[in-house]
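Please look at the aromatic side chains before reading on. The points below go through them in turn.

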Amino acid sequence: MKKIVFILTVLITLGIQAQTPEELGLQIAKAAEQADLGFNSSTVNLKMTLKNKNGQTSERSLTTKTLELTEDGDKSLIVFNSPKDVKGTSTLTFTHKVGSDDQWLFLPSIKRVKRISSNNKSGPFVGSEFAYEDLSSQEVEKYTYKFIEAKGSLVVVEQDPVDPKSGYTRRLVTYNKDKGYRFEKVEFYDRKNALLKTLLYSNYKTYKNKFWRAGTFTMKNHQSNKETILEFSDYNFDVDLSEEDFTQAALQRIGG
């Protein structure tokens with residue numbers, strides 16, 4: 001009875017009509033998606049810092065382009081600018097609302113575009129603590145949901161991947177309902193349902209008076225004790241991008 005009363009209180013607080021923890025979790029995910037609709041396209045520069053288990057660090061710089069699509073998932077293109085050993089390495093991602101995403105990797109050393117198979121989506125993205133599947137846009141259809149708890153403005157929702165080839169059994173996502181349902185934290189559980197990684201979002205700013213973007217992502221791998229930090233700068237939401245900018249030919253041309 002206490003749990004039912006608690007859930008009803010949360011429903012009233014969130015202004016969401018739902019009957020079960022599963023329905024409430026889905027409604028929260030949809031609210032987060034709705035809050036971020038309409039950015040169209042963007043570019044951003046990133047500094048990636050890799051930290052090994054002994055605390056030693058190395059840095060990389062990269063650029064990301066993103067094209068928003070409403071009929072399907074977003075498209076993104078990531079290009080490494082430095083250091084020399086990874087310069088030109090590029091990744092193209094087509095996120096799909098249903099089914100496995102399409103991803104390609106361009107390796108300048110062999111001047112070839114390589115398709116990333118669905119079985120390898122859980123592998124590390126260019127030696128970082130981010131997996132290739134972490135690069136996909138957040139599409140509601142990719143998970144099933146269950147509301148877990150609320151603490152003030154923060155709500156926690158369990159997300160179970162629909163894709164059987166995902167490297168995760170579930171994610172625990174903490175949203176800030178008072179700040180456009182932005183992500184505050186994601187906990188990733190591996191195929192054995194053990195806590196694998198935690199991603200923290202910080203240094204948020206708003207763009208175009210609506211879109212929340214974190215200035216820093218910190219991904220901590222609890223099993224390897226490694227860490228990857230992404231620092232974002234120079235967001236541009238006025239860039240004119242089209243689907244022609246997100247092709248395998250474009251991937252090879254930009255990377256090369």
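**Aromatic contacts**

1. Arginine 182 lies over the face of tyrosine 204, 4.0 Å from the ring centre. Its charged end also sits over the ring of tryptophan 212, at 4.6 Å from the centre. A charge counts as over a ring if NZ of Lys or CZ of Arg is within 6 Å of the ring centre and within 35 degrees of the ring normal.

2. This is a predicted model, in which local features need pLDDT of at least 70, side-chain atom pairs count only at pLDDT 80 or more, and totals for chains, interfaces and linings use all residues. Residues are numbered from 1 along each chain as its sequence is written, and side-chain values use heavy atoms, with hydrogens and water left out.

3. Rings of Phe, Tyr and Trp (its six-membered ring) pair if their centres lie within 6.5 Å; planes under 30 degrees apart are stacked, over 60 edge-to-face, the rest tilted. The count by this rule is 17 aromatic pairs. Tyrosine 204 and tryptophan 212 have ring centres 6.1 Å apart and planes at 80 degrees, so this pair is edge-to-face.

4. Tyrosine 204 is buried, at 18% relative accessible area, and tryptophan 212 is partly exposed, at 25%. Buried means under 20%, exposed over 50%, and partly exposed in between (1.4 Å probe, protein chains only).

5. The rings of tyrosine 207 and tyrosine 235 have centres 5.1 Å apart and planes at 55 degrees, so the pair is tilted. Tyrosine 207 is partly exposed, with a relative accessible area of 22%.

6. Ring pairs link a cluster whose members include Phe39, Tyr175, Tyr207 and Tyr235.
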